[in-house]
Amino acid sequence: MAGYGRLWCAVVVILAGIVAQAAPARPNVVLILVDDLGYEALGAYGGVSYETPALDRLAASGVRFTHAYATPLCAPSRLQLMTGRYTHRNYTEWGVLPKGEVTFGNVLRDAGYATYVAGKWQLWGHTLIWDPDGPCCPQQGQTPTDAGFDEYLLWYLGTKGGRYADPVLTGTGAEAETHAGAYGPDLLADFVVDAIERQVAERSGQPFLVYYSMVLVHAPFVPTPDSPGWQGDRHAKDPARFSDMVAYVDKIVGRILDALEEQGVRDETLVLLTGDNGTPLGIVSELADGTRVPGEKSRPTDGGTRVPLLASWPRTIQAGRVSDALVDFTDFLPSLAEVAGAAVPDDRIVDGKSFVPILTGAGQGVREWVFTDFRPRFPGIPEVTYIRDRRFKLYGDGRFFDIESDVAEAAALDVKTL
C-alpha cells in the first residue's frame, strides 16, 4: 500500500506540473497605445520609411497581427479599447468616458493588480473647441481614478496645454503643471519606467498593469530632443518631423523593454502595442514592395483603421509568429481579463472576444468579422457603420467592396452579382 501511496503522490506532482504549464501565472501587462500610427510605419509590416528597430524586435519576440482594426479617430477607439463595448452603447460626446462604464483598469485592479496609466487621457470631458460657450462637456466623463488606476501622469486631464516641448501634465492627486524646458514623452516614459522599478522593488509579489497611452505621433509635427531643430524653435511645425517622432516612439518602446529586462520581469510580462487609428492625412509611407500607403486618419478605409498589433510574452508566446486573426478594439478588455484571471463584467453587454487563445497557441481567432459603428461627434467627420472580414467590407448604406483588390474603395460591387 505504501508503494501505491508513493505512486499516487508522483502522479499528483506530474499532473500539477502539467496544469502549471497549461495555465501560466498571471502576467504583468504593459499596454502601449501609440497616437496616430498605422501598420505601414513599422518595419515588421514591411515599412521602409522609418527606422523602427525596437518595434521590430518586439514583433519578432511574439505575435504580429496583420488584421487588427481601430475606429478612424482616437476618442471612439479609446472607449472601445477600455470598455470592450461598441460606441453605440457608450459613446455620448467627444472625449467623454461616461460615468458608470467599467474599464480594463477597473477589472484588473479588482483582480489584485497594481494599476498605472501614463500619457494621453482626454476622457474626463472638456470644453469643446468648436463650441467653447456650450454646455458640454467638462468633467462629464471619468478621471483615471474612476477608471481603475492607482497612479497616473497624464496629458489632457481637463487642462489641455502642450504635449511635447514645455508640456502641461497632471500627476496623481495634483494640479496640472507646466514643465518648462522638458519634453512630454520623456517625462511620461520616466513615469512608466519608474512605476515598473518601484513595483518590482516594493511589491514584487503583486502583478501590475501599465497602460501607456502615448502622446506621440499626433500632430503638430515638431522637433524631438533627437532632432537638429530641438535647440531652436521647439514648437516649429513641419510634416518632415513625423519621421523623427516615429523614431522617438521606437526609442521609448526600446527603453521600456530594456527596463523590463533589467528588472528581471520581461519573461512574465505581456507587452501589447497598437495604434488608436491610422496615420494622419498628408503622411505617405512606403512599403518594401514599393507600395505607397497614404495616411487616412478620420476615414473608414484601411489607411484610417488598420493598425499594428504586437503581442510579446516570452514565457508563454512562441516568438516569430504571424496571425491573420481578426481583432478589433473591443477585444482588449476580455483579453486582459482572461490573462488576469478576472471576470468580464456580467451586468452589461461586452462585445469583445478574447484573443488570448491565439497568443498561447491554444486556439485560432474566434471572429469572422469586425464591426465598426463610428459616430465621432466631431465637426466635418460623418458617422458611418460597416462590417468587414479580411477581404470584403459592407457599409450600412449598402456599399460593398473587395478590399483585397480595391484597398482605396474606389469601386463598389453589386452584391446581387456575387
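Colleague: Hi! Let's start with helix α2. Which of its residues are buried?
Modeller: Helix α2 covers residues 53-60, and its buried residues are Ala54, Leu55, Leu58 and Ala59. Keep in mind that the model is predicted.

Colleague: And where do those buried residues of α2 fall, seen down the axis?
Modeller: They lie within an arc of 145°, so they line one face of the helix.

Colleague: Nice. What covers the buried residues of α2?
Modeller: The cover includes two strands, β2 (63-69) and β8 (269-275). It also includes α7 (242-262) and β11 (306-312).

Colleague: New topic: cysteines. How many disulfides does the count come to?
Modeller: The count comes to one disulfide.

Colleague: Which cysteines form the disulfide?
Modeller: Cys136 and Cys137, with their sulfur atoms 1.3 Å apart.

Colleague: Is the link of Cys136 and Cys137 right-handed or left-handed?
Modeller: Right-handed, with 75° about the S-S bond.

Colleague: Are those two buried or exposed?
Modeller: Cys136 counts as buried because its relative accessibility is 14%, and the cut-off for buried is under 20%. Cys137 is buried as well, with a relative accessible area of 0%.

How values were computed: Residues are numbered from 1 along each chain as its sequence is written. This is a predicted model: local features need pLDDT of at least 70, side-chain atom pairs count only at pLDDT 80 or more; totals for chains, interfaces and linings use all residues. Side-chain values use heavy atoms; hydrogens and water are left out. Buried means under 20% relative accessible area, exposed over 50%, partly exposed in between (1.4 Å probe, protein chains only). Helices (H or I, at least four residues) and strands (E, at least two) are DSSP runs, numbered from the N terminus. The arc is that of the directions from the helix axis to the C-beta atoms. Contact means heavy atoms within 4.5 Å. A disulfide is a pair of cysteine sulfur atoms within 2.5 Å.
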